[in-house]
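Hello,

I am handing over the structure below. My notes on what was found follow it.

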Amino acid sequence: MLRVLLWCAAVVQSFRFDARQRCTVQRHAAASGASNAADAATPAATPAAAPHTRRKRYAGRYPRNFSERYKEQAGDEATVKRVLEKGGTPAGTHVPIMVSECLEHLNATGADVAVDCTLGYGGHSSALIAALPPNARLLCFDRDGVELARTSKRLAPLASDGNVELEAVHANYARVGAELAQRHVRASCLLADLGCSSMQIDDPERGFTFKRDGPLDMRMGLAEATAADWLGRASIKELSAALRDGADFSRRDAREIAVAILKESVPATTTLLADRVRAVRLEEEDCTGDDAVKRAMQALRIVVNGEFAALEELLASLPDILAPGGRAVFLTFHSGEDRRVKKSFKKGIASGIYTDAARRPVRPSPQERRSNSRSGCCKLRWCVRALDS
Ligand SMILES: C[S@@+](CC[C@H](N)C(=O)[O-])C[C@H]1O[C@@H](n2cnc3c(N)ncnc32)[C@H](O)[C@@H]1O
């Protein structure tokens with residue numbers, strides 16, 4: 001009898017130990033952000049270490065929600081391939097745009113200091129690491145501390161294999177000039193891929209998408225106020241101006257949308273905001289309800305994150321950031337950004353600071369547009385700093 005009791009106690013103890021171990025693995029996976037495809041490749045997140053979880057059931061054949069797209073987030077090869085083939089972006093990743101065109105205009109093979117102002121998922125930085133000569137330095141900026149940490153951790157082995165010194169800087173790119181001055185270096189090449197990343201857009205919790213309900217947040221990182229906070233303080237006049245500047249709405253449409261958004265208490269979620277915008281009858285004929293929502297949310301995102309001010313600061317400090325003969329490439333995604341880059345390059349050419357700049361924007365090839373639907377509106381502009389001004 002005693003032996004049976006001892007055996008039972010041993011079995012119970014072993015279950016407890018197993019459960020404790022499983023909790024630790026789960027906590028570890030959560031703390032290390034194992035939802036990221038790249039993190040899934042690290043030993044801590046290998047399938048062997050992960051606890052068995054029941055397959056989540058989704059309504060149709062394919063998952064629709066960000067949380068249901070866990071296979072993509074875990075880097076499941078077949079799923080990732082299928083999403084890419086359909087022109088989509090696997091959840092938790094970002095497909096870089098016009099990589100070879102960027103490299104061509106950055107002339108990275110001869111660079112000793114390169115700057116990526118917008119690291120994101122690191123697609124462009126990976127290509128830069130491969131192109132840079134040994135002993136070059138790559139400084140990567142991002143205001144999103146979470147993604148910056150994940151991406152720089154994932155790129156570290158690549159950089160060390162290529163003998164490139166990689167430094168991740170958690171800062172707004174408006175500060176690139178100051179950060180480089182502190183390090184007493186100037187950049188041979190600089191890339192800025194503007195806007196937000198697919199990781200930010202796709203996660204409803206970050207409040208950039210109206211396709212799923214989420215808090216009206218929209219902060220990329222260091223901005224102090226959420227979109228809901230900003231709306232809580234904005235007047236109809238201020239919101240109309242933001243809608244005109246950030247999304248090219250006509251004066252009349254911008255005002256109508258602003259009135260609709262602010263007529264009751266501030267919408268706390270993205271879908272509430274979308275409903276109010278969709279209900280507005282616009283004078284612009286070919287702008288459907290969802291187009292209007294997309295544009296309104298873009299304008300709100302721009303103002304919440306102070307995107308135009310940051311871009312203007314970066315452009316103003318570019319002549320000091322670039323070494324003589326240095327090159328810069330900007331990828332823009334709407335007219336407000338492209339106008340600012342174009343104007344600044346034109347002014348630089350007129351004053352002799354730049355010796356050359358793109359006369360027309362470079363556009364993604366039809367093949368790239370087909371294979372990456374998010375590349376459609378992208379424009380690339382480049383400039384070359386003078387040797388002696
Ligand atoms: C389009 S994504 C870059 C994608 C990246 N090129 C890649 O290959 O994955 C833009 C990134 O820039 C960051 N960003 C946007 N505005 C910024 C700013 N003013 N300062 C620093 N980072 C910024 C966003 O957080 C986002 O991660």
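**Ligand site and sheet**

An oxygen atom of the ligand sits 2.9 Å from a polar backbone atom of Gly123. A polar contact here is a pair of N or O atoms within 3.5 Å; within protein, one must be able to donate a hydrogen and the other to accept it, and residues adjacent in sequence count only if both atoms are side-chain atoms. The model is predicted: local features need pLDDT of at least 70, side-chain atom pairs count only at pLDDT 80 or more, and totals for chains, interfaces and linings use all residues. Residues are numbered from 1 along each chain as its sequence is written, and side-chain values use heavy atoms, with hydrogens and water left out.

Tyr121 also reaches the ligand: one of its backbone N or O atoms is 2.8 Å from a ligand oxygen. The side chain of Asn172 places an N or O atom 3.0 Å from a ligand nitrogen. Alone, the ligand exposes 600 Å², and the protein buries 99% of that (Shrake-Rupley method, 1.4 Å probe).

Now the sheet. It is open, has seven strands with mixed pairing, and runs in the order S3-S2-S1-S4-S5-S7-S6. Strands are DSSP runs (E, at least two residues), numbered from the N terminus. Two strands pair if DSSP finds at least two bridges between them. S3 (165-170) and S6 (354-357) are the edge strands, each pairing on one side only. S1 (residues 113-116) and S4 (residues 187-193) pair in the parallel sense over three bridges. Ala114 has Cys189 in S4 as its bridge partner.

Best wishes

Methods: Helix = DSSP H or I, 4+ residues; strand = E, 2+ residues; numbered from the N terminus.
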